[in-house]
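Subject: Handover of a structure

Dear colleague,

Please find below the structure that I am handing over to you.

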Amino acid sequence: MKIPFEKLDKAFENRLRLQIMSVLVVNDRYDFNSLKELLETTDGNLASHLKGLEKEGYIVVHKAFLGRKPNTTYESTEKGKKAFKDHLDALEQLIKQQKTT
Amino acid sequence: MNNKVLYVEEKEIQNELASIRNLMERSSKFISLSGLSGILAGIYALAGAALAYNIIYNHIPVADSESTNNDLSATGLLSGHSFSMLELKLMAIAFVVLVLSIITGIVFSLRKAKRKGQPIWGKTSRSMLFYMATPLFTGGLLILIFIYRGHYSIIAPASLIFYGLSLVGASNFTFNEIKYLGLCDVLLGLVTACVPGYGLLFWAIGFGVLHIVYGSVMYFKYDR
């Protein structure tokens with residue numbers, strides 16, 4: 001039986017990216033510091049993966065200021081939501097196929 | 001050998017899916033609410049209601065040492081310009097019950113959040129507080145305005161209804177069960193408005209009994 005590995009999204013190969021996406025699909029917007037706290041990761045790591053997702057067009061960045069402090073929030077795009085769902089479906093399919101073989 | 005590789009792969013995928021589900025839940029829901037604090041809040045409310053009942057029904061006999069002139073306190077009660085000893089006592093009880101419940105809620109949530117290693121003050125708890133505070137403050141102010149104008153019968157139904165609404169609003173950000181507690185309180189508040197004179201009884205059911213039932217359900221479902 002053919003396993004649909006090719007259906008898995010390359011952009012979500014990294015675990016942290018998938019985690020970021022899963023937070024952004026259930027929340028309208030999420031800010032950088034809350035994401036960092038939730039995912040227990042470092043500034044640099046989180047920033048580079050956010051940039052990667054932004055390049056794919058899966059998320060958009062909103063830069064704003066709270067008083068004098070910069071407050072950057074992230075939002076998932078329709079494209080990103082669809083990619084996330086397709087990726088999860090593919091993962092599910094993988095499990096199902098293995099159970100039947 | 002191929003089989004083994006696939007097996008490892010499957011475990012990994014399942015872990016991945018579990019962690020995703022967990023993140024989606026944790027990032028959008030405030031799950032540090034404790035069932036025990038619900039039970040305790042219910043007990044405070046029942047104790048407060050019992051105390052209030054005692055004060056009211058011991059107050060009615062004419063031999064009253066507190067206020068020297070009963071007629072005066074009666075007119076004060078109707079016009080709403082001055083508060084009698086009885087009203088002050090009842091307000092003090094309500095205030096103590098409220099403060100105790102809030103403190104208990106905060107302490108138990110902090111404890112649960114710490115035990116589960118979750119941040120308590122995040123984006124979710126902030127939104128939850130905002131959606132709770134809006135109906136609560138509206139209701140609180142409305143009740144105070146009506147008290148000032150001498151409409152005492154609104155206290156029990158309005159406090160139940162607005163508290164219920166604030167819980168329904170908060171339920172978007174925390175356990176779904178809290179929505180049913182809120183709806184029950186709203187219904188009970190509407191019933192209370194239909195049967196004047198039983199305010200204290202319904203108040204005790206809504207804030208006391210319902211909280212204890214809800215707290216126990218939550219405790220057995222999530223806390224253990």
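This is a predicted model: local features need pLDDT of at least 70, side-chain atom pairs count only at pLDDT 80 or more; totals for chains, interfaces and linings use all residues.

At what angle do helix α2 (residues 32–39) of chain A and helix α3 (residues 43–56) of chain A pack? The angle is about 115°, and the axes are 10 Å apart. That makes α2(A) roughly perpendicular to α3(A); angles of 65 to 115 degrees count as roughly perpendicular, those under 35 as roughly parallel, those over 145 as roughly antiparallel and the rest as oblique. On the α2(A) side the contact (heavy atoms within 4.5 Å) is made by F32(A), L35(A), K36(A) and L39(A), and on the α3(A) side by D43(A), L46(A), A47(A) and L50(A). Sorted by class, this contact of α2(A) with α3(A) holds 6 nonpolar, no polar and 2 charged residues. Here Ala, Val, Leu, Ile, Met, Phe, Trp, Tyr, Cys and Pro count as nonpolar, Asp, Glu, Lys and Arg as charged, and the others, Gly among them, as polar.

Residues are numbered from 1 along each chain as its sequence is written, chains are lettered from A and ligands numbered from 1 in the order in which they are written, and side-chain values use heavy atoms, with hydrogens and water left out.

In chain B, helix α5 (residues 123–148) and helix α6 (residues 155–170) pack at an angle of about 170°, with their axes 7 Å apart. α5(B) and α6(B) are therefore roughly antiparallel to each other. Among the residues that meet are M128(B), Y131(B) and L142(B) in α5(B) and F162(B), Y163(B) and L165(B) in α6(B). The contact of α5(B) with α6(B) comprises 15 nonpolar, 5 polar and no charged residues.

Turning to the interface, 17 residues of chain B are in contact with 24 residues of chain A. About 2,000 Å² is buried between the two chains, 66% of it from carbon and sulfur atoms; buried area is the accessible area (1.4 Å probe) that two parts lose on being put together, summed over both.

Across this interface of chain B and chain A there is 1 salt bridge, a term for a side-chain nitrogen of Lys or Arg within 4 Å of a carboxyl oxygen of Asp or Glu. E16(B) forms a salt bridge with R15(A), with the closest N and O atoms 2.7 Å apart. Over all chains, the whole structure has 6 salt bridges.

With kind regards

Definitions and conventions
Axes are lines fitted to C-alpha atoms, for helices over the stretch in contact, and angles run from 0 to 180 degrees between N-to-C directions. Helices (H or I, at least four residues) and strands (E, at least two) are DSSP runs, numbered from the N terminus.
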